[in-house]
Amino acid sequence: MKKDKKLPDIKINKEWCKGCAICVEFCPHDVLAMNGAYPEVVNLEACTACQLCDVRCPDFAITVNKNEQEETNEAKK
Amino acid sequence: MKQKNDQFEVKVITGNEACAEGALAAGLRFFAGYPITPSSEIAEILSMRLPAVGGKFIQMEDEIGAMGAVIGASLVGSKAMTATSGPGFSLKQENLGYAAMAEVPCVVVNVMRGGPSTGLPTLPSQSDLMQARWGTHGDHPIIALCPHGVRETYDLTIRAFNLSEKYRVPVILLLDEIIGHVNEKVIFDKKEKFELWQRETPDVPPENYLPYKFTESDVPPMVSFGKGYRFHVTGLVHDETGFPTNNSEQIIKFLQRLNRKIDRYADDIIQVHEDSEEGAKIGLFAFGSTARSAKNAVNLAREKGVKINFIRPTVLWPFPQKHVARLADQCDCIIVPEMNLGQMAHEVEWASAGKTEVIKVNRIDGEPIRPSEILDAIMERV
Amino acid sequence: MLDYNKYLRQQKFPLIWCAGCGDGIVLKSMLRAIDKIGLSKDEICMVSGIGCSSRLTGYVDFNTLHTTHGRAIAFATGVKMAKPEMHVIVVTGDGDATAIGGNHYIHAARRNIDISVILFNNNIYGMTGGQVSPTTPIGSRASTAPFGNPENSFNISGLAEAAGASFVARGTVHDALILDKYIEKAIRKKGFSVVEVMTPCPTAYGRRNRIGDGVAMIKDLKEHSVSVRKASKMSEEELNDKVVTGILVDRERPEYTDNYNKLIERVKGSNS
């Protein structure tokens, strides 16, 4: 039986983001896309929480919360 | 008699040796330098002496690096010094400005030789006076001391450290080749205790610490790196927090305090030895090794019945303006002998504000000014 | 992923660097490495010179020292000698470390003083507007090389190796997680260590040399980097436009502050 997948939580800090699009271009699963000057999440379902967007974001403007804790809690239920 | 020997030590040493010994007495724990005549003995002695007291000596790859290393060492709490001569002093100027800007205590010895450029490497001069004051760019505070003998070199080296710690400012010790290399008998009193100043440390916890705080004294308390107070040090104009600022009001506030901190304590810093005679109309202003000839000339003149007011500053920057102004009020002329083309005479003229005539006695050939040359200048005015 | 915030002076953000500049990627990698080693913030002194990458010290909550152009390693030498228990990390750029500061770079390597240098190589003077640097490739354009750079460029990792560094590695911002390992090893290494990081300057280099923006430059870096192992099987001609990445040097040599402390013990011993 397939377990309900708790999706990762991607946060983009527009105060610090400069819109370089590195996160968008290097996301292996096309989770992100540019919308005007800033990136936005367009396909959260595809996100594997690999966090490469965070690793390569030069401006500390994107974070991916894996929600692992919640997942285990869910599983326990 | 024996007891006396226990208390006093008689040594015949050079000014360079006295400088190294004075630095150790002041608590020197870090020296970075680069070989240059006629200052190298200071580095040589300290390479020998520092390890024995747990201190560090490093011969850097260049003069610039030596000045940088000194600032780094001071920031982690070591009393730090470098020693050089004219061309090397030129190379240190940028980082000297950094020390002034970031308010890092340190001592820079310049054993002056003839210039410009490579100039007269083995011969004395007093021609780095303006470089000491204005060698680095921008309006900045500086203190420069200038001894006239070996014992005074020892004492002023200690004072250089004290002033630098007290006011968080680089202090320049201006020797010249004569003072650096002359051997003199010096009597050290082993029981003599020198007052040693340490930089004032903050009395607030790290979260409340402002490394460049505007305080009543204008000298912000300073804590060493690694003590739990993490802060930023930069050569950029900064605000109280130590971080760069482009705010006009903050820039003005900071730079004014930086310079005011020395200006307002000038009376505490300046030391002038005065040897005056009632009714003397001839003034004499001399410093460093030239003051030795000047003293001799004063004695010879007095033997001839000529009255002289002789002043000898041991602090050249800040300039002893009030003392010179007084001398200008008293005398018809001020004779200024110096081994350059008139760098201090220019300051004396400014400080006497046209009230008296300033007479220059100069030598630039690497030879000391002889007492007879100063005496001649005196007798011409009688 | 690491919560970087505990190492940041967040009130100083956003970062001064241009959109697409790689310097922030390197900064993150440094913080992950520092966190992994578990160094306390008080025992780190981070020293930088002048240039874009050197502005980094303003953003991190360590004992930070932003010095004069080219002199970071000299200042760091004073810090390390006077307080050897401090972890001293130098942040510098290609112009800062190998043009105006080249002398300190090679001599610190020769002494093998325990300082870790993170060298941001963007092949250009970014902050001053894109002038040619010692690592600008021959033929590339810069504001002071309008007809293409006529000079040969430095291999700055090779320079550190030849001068005597204990540890030298080269990485790129494309492979930022591998960079963490190089930086971690560099900090752990007792001795002089250099991590040369290839990082894009889209504003002053990419645009002028028609490579494009930050994204295009990072892709370009990826295409041109080859591992040391792979490179060993390639000809000099094939390696001409390549960036060789990996650990280039990892060796044991006597370390300077250790040597000096032994000297102190010896002198003190013979005096007593």
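Mentor: Two strands pair if DSSP finds at least two bridges between them, and strands are DSSP runs (E, at least two residues), as helices are (H or I, at least four), numbered from the N terminus. The model is predicted: local features need pLDDT of at least 70 and side-chain atom pairs pLDDT 80 or more, while totals for chains, interfaces and linings use all residues. Residues are numbered from 1 along each chain, chains are lettered from A, and side-chain values use heavy atoms without hydrogens or water.

Trainee: What makes S10(B) and S2(C) paired strands?

Mentor: Three bridges join S10(B) to strand S2 (residues 63-66) of chain C, and at least two are required; therefore the strands pair. They run parallel. Within S2(C), C:His66 is the bridge partner of B:Thr234.

Trainee: Why is the link between C:Asp42 and B:Arg230 called a salt bridge?

Mentor: The definition asks for a side-chain nitrogen of Lys or Arg within 4 Å of a carboxyl oxygen of Asp or Glu. The closest N and O atoms here are 2.9 Å apart, so the pair qualifies. Chains B and C have three salt bridges between them.

Trainee: Which residues supply 22% of the area that chain B buries against chain C?

Mentor: Buried area is the accessible area (1.4 Å probe) that two parts lose on being put together, summed over both. For chains B and C this is about 3200 Å², 60% of it on carbon and sulfur atoms. B:Lys56, B:Glu61 and B:Arg230 supply that 22% of chain B's buried area, more than any other three residues.
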